[in-house]
Amino acid sequence: MSTTSSPVPPSSGRFDADAQGWFGGPEEGWGGRFMPEALIAALDELTEAWTGAMADPAFVGEFEHVLRDYAGLPSPLFHATRLSEQVGCRVLLKREDLNHTGAHKIRNVLGQALLTKRMGKQRVIAETGAGQHGVASATAAAYFGLDCTVYMGAVDTRRQALNVARMHLLGAEVIPVESGSATLKDAINEALRDWVASVDHTAYLFGTAAGPHPFPSMVRDFTRGIGDESRAQCLEQYGVLPDAIAACVGGGSNAIGLFTAFLDDDVAIYGFEPGGEGVDTPRHAATIHAADRGVLHGARTYVLQDADGQTLESHSISAGLDYPGVGPQHAHLAATGRATYLPVTDDEAMSAMALLSRTEGIIPAIETAHAVAGAIRVGERLAVEKGPEATVLISLSGRGDKDMGTAIEYFGLGETKVDLDDDITEEPVG
Amino acid sequence: MSAPTSSTDRTVASAFASARAEGRAALVGYLPAGFPDVQGGIDAMLVMVEAGCDVIEVGLPYSDPVMDGPTIQAAAQQALERGARTDDVLRTVEAVAATGTPTVVMTYWNPVERYGVERFAAGLAAAGGAGLITPDLTPDFAPEWIAAADRHGLDKIFLVAPSSTPARVTMTVRASRGFVYATAVMGVTGARTTTSDLAGPLVARTKQAVAEAGLDLPVGVGLGVGNGDQAAEVASYADAVIVGSAFVRTLLDHPDDRAAGLEALRALTHDLAEGVRRA
């Protein structure tokens with residue numbers, strides 16, 4: 001395969017941040033850096049190190065090497081033929097679930113951990129929701145010989161016990177966070193507090209394309225291989241660009257990683273947010289769809305908040321999407337209309353999880369199942385408009401092993417007879 | 001609303017000037033509004049005023065307080081769970097400022113942005129508030145707040161940290177009014193057994209930046225002070241000693257006996273006020 005996961009230096013594309021980290025400029029004002037002064041020097045140091053590294057062929061070469069030989073990249077682009085038959089057009093899956101540690105997250109952490117080494121720091125901290133970023137961080141720390149502490153909401157340590165065990169086995173310290181709602185946002189708060197006190201020797205491996213500048217842009221640069229590879233693979237294997245691309249969006253790292261390569265193409269871009277029990281209920285995390293502008297974890301973006309600006313607790317059946325904010329570049333892409341963000345409910349996601357499992361033998365993460373569910377809707381419409389040659393490309397961001405506890409409970413898989421067909425059959429359209 | 005006795009009586013600058021005239025540092029005391037409830041918080045702050053605080057910092061309880069340690073977070077969370085709102089914060093400011101003691105609000109940025117920057121500034125000024133301390137808003141990201149503060153004559157109290165570069169100290173000093181808040185430790189809020197050895201050098205270079213800018217801007221030191229001895233030590237080189245977690249802890253330690261909590265608060269304030277006079 002001729003494609004590579006080559007990262008490129010930060011570009012000056014029309015959807016990029018300016019030097020202060022504003023997407024859409026200070027007037028539109030997404031992103032920025034709303035952080036304690038104590039951390040500004042570290043963020044400046046990180047910005048300088050990141051921009052320097054991305055312009056250094058030696059760093060980029062080492063990043064490519066570790067992605068290829070250690071993480072197993074580039075991941076394949078796979079034509080899901082049986083699912084395609086159901087949808088009525090070509091459905092392509094970017095198989096990030098096949099990466100080492102089972103998700104796209106490994107790209108980001110290998111980039112940030114390599115940068116940590118370059119900066120001469122010996123300890124990394126990370127926050128995690130579902131545990132995928134925590135596992136990836138613990139993995140990268142083990143690979144590079146760094147000390148690793150992972151903050152995880154106490155609620156999430158219970159629903160993702162398998163990943164907690166993996167982190168422990170990899171040598172990381174996992175600290176359950178009991179404060180606030182004891183989920184991802186509180187884990188981020190706690191990691192930031194650690195960082196304020198340890199910033200001279202510790203790097204914060206931020207897990208998504210959110211937070212203060214430069215994290216949204218840096219995480220995008222380390223994950224953009226998803227889209228760069230997909231674009232090249234699609235052209236090489238099918239001779240065309242996809243009509244539409246789709247990814248799930250919690251904080252939005254896999255989505256921005258996919259979207260970046262296609263921003264200047266005539267390709268429809270869809271992000272699917274966790275609609276939980278429905279966006280007309282209080283139990284969801286569909287931030288762009290339902291939230292208001294605000295500042296959370298150092299960036300101005302869409303934030304689920306009450307009338308006084310207090311962050312609301314979000315809900316998703318997927319721990320990895322259960323975040324009341326979203327990366328600021330997504331806010332910018334939504335505000336400019338370049339990308340479309342739609343909610344997918346817990347039930348729709350679980351149906352898609354079952355469908356993909358039955359049609360392709362691929363058990364996706366529940367996060368990813370949101371993208372699958374949304375992409376099926378998009379694909380069915382494309383099939384009507386353009387026929388079976390239409391192509392929808394999905395970032396299959398992670399595998400579902402970690403979610404089997406939730407799946408067992410949701411589908412009643414422990415029972416002797418399991419009949420999922422009524423729930424999952426999608427009528428082909430067109 | 002009770003009108004303040006005169007506009008000069010309630011400025012932070014006048015409180016610092018009075019302290020300086022007495023040859024001592026000022027004592028700045030913090031409590032979150034709405035803790036243990038709105039009236040309970042007001043009562044506590046009035047005790048702190050009576051017992052010797054020169055400036056009161058009213059905290060705006062926030063769901064995601066990244067600069068605060070467990071003590072202040074617990075109090076803020078309790079306030080939120082009991083329904084404290086931004087309007088309650090302004091009500092608290094009004095009650096405390098009515099004593100003539102300069103009263104500033106310490107707040108994370110999102111609640112202000114949500115309330116409306118102009119509306120918040122107008123409301124704070126109308127309540128007799130003197131200004132705002134913004135732990136997650138630095139001057140380079142604060143043009144909207146700076147403009148609103150200037151329109152309403154409010155102080156802009158920005159923070160410097162041990163990790164601040166000389167250029168950032170200079171920028172922060174030039175943008176601040178009222179005083180500059182020097183965070184003495186690299187870490188979150190919380191009383192500590194020893195004071196920081198980072199504070200002295202930070203205050204020295206901040207004062208140098210103040211002098212180079214030709215300003216008359218006091219430097220207060222916060223994060224870690226919990227008793228009179230520590231206050232005396234910090235007062236030996238800073239213009240103000242800022243105390244928060246120790247006050248909060250005192251109230252948290254008396255959950256079921258308001259009167260005992262207030263008496264303990266009074267005793268702690270006396271100890272700290274004596275400390276800033278001992279230096």
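## The contact between chain A and chain B

In this predicted model, the contact (heavy atoms within 4.5 Å) takes 35 residues from chain A and 35 residues from chain B. The two chains bury about 3,000 Å² between them, 47% of it on carbon and sulfur atoms, where buried area is the accessible area (1.4 Å probe) that two parts lose on being put together, summed over both. In chain A, the residues that lose the most area to chain B are Glu37(A), Arg193(A) and Asp308(A), which together make up 26% of what that side buries.

Between chain A and chain B there are 21 residue pairs in polar contact, both residues being at pLDDT 80 or more; a polar contact is a pair of N or O atoms within 3.5 Å, and within protein one must be able to donate a hydrogen and the other to accept it, while residues adjacent in sequence count only if both atoms are side-chain atoms. Helix H2 (37-54), helix H9 (184-198) and strand S11 (292-296) of chain A each supply at least two residues of the side that touches chain B, and H9(A) gives the largest share of that side, 7 residues. Helices (H or I, at least four residues) and strands (E, at least two) are DSSP runs, numbered from the N terminus.

## Salt bridges across the contact

The count between chain A and chain B is 5 salt bridges, each defined as a side-chain nitrogen of Lys or Arg within 4 Å of a carboxyl oxygen of Asp or Glu. One of them joins the side chains of Asp308(A) and Arg85(B) at 2.6 Å, N to O.

Arg168(B) also forms a salt bridge with Glu37(A), with the closest N and O atoms 2.9 Å apart. Arg168(B) lies in helix H8 (residues 166-175) of chain B and Glu37(A) in helix H2 of chain A, so the pair joins two chains. Arg168(B) counts as buried at 9% relative accessibility, and Glu37(A) is buried with a relative accessible area of 4%; buried means under 20% relative accessible area, exposed over 50%, and partly exposed in between (1.4 Å probe, protein chains only).

All 9 of the 9 residues of helix H10 (residues 215-223) of chain A are buried, so the helix is largely enclosed by the rest of the structure. Arg220(A), at 3% relative accessibility, counts as buried, and its side chain meets that of Asp16(A) in a salt bridge (3.0 Å, N to O). Asp16(A) lies in the segment before strand S1 (22-23) of chain A and Arg220(A) in helix H10 of chain A, so the pair ties together parts that are 204 residues apart in sequence.

The side chains of Arg107(A) and Glu96(A) meet in a salt bridge as well (2.6 Å, N to O), and both residues are buried. Lys94(A), Glu96(A), Arg107(A) and Glu229(A) are linked in a network of salt bridges.

## The surroundings of Ser314(A)

Ser314(A) is placed in the loop between strand S12 (299-303) and helix H14 (328-336) of chain A, and it counts as buried at 14% relative accessibility. A polar contact of 2.5 Å joins its side chain to that of Asp322(A), while the side chain of Ser314(A) reaches the backbone nitrogen of Tyr323(A) at 3.4 Å.

## Basis of the values

Residues are numbered from 1 along each chain as its sequence is written, and chains are lettered from A and ligands numbered from 1 in the order in which they are written. Because the model is predicted, local features need pLDDT of at least 70 and side-chain atom pairs count only at pLDDT 80 or more, whereas totals for chains, interfaces and linings use all residues, and side-chain values use heavy atoms, with hydrogens and water left out.
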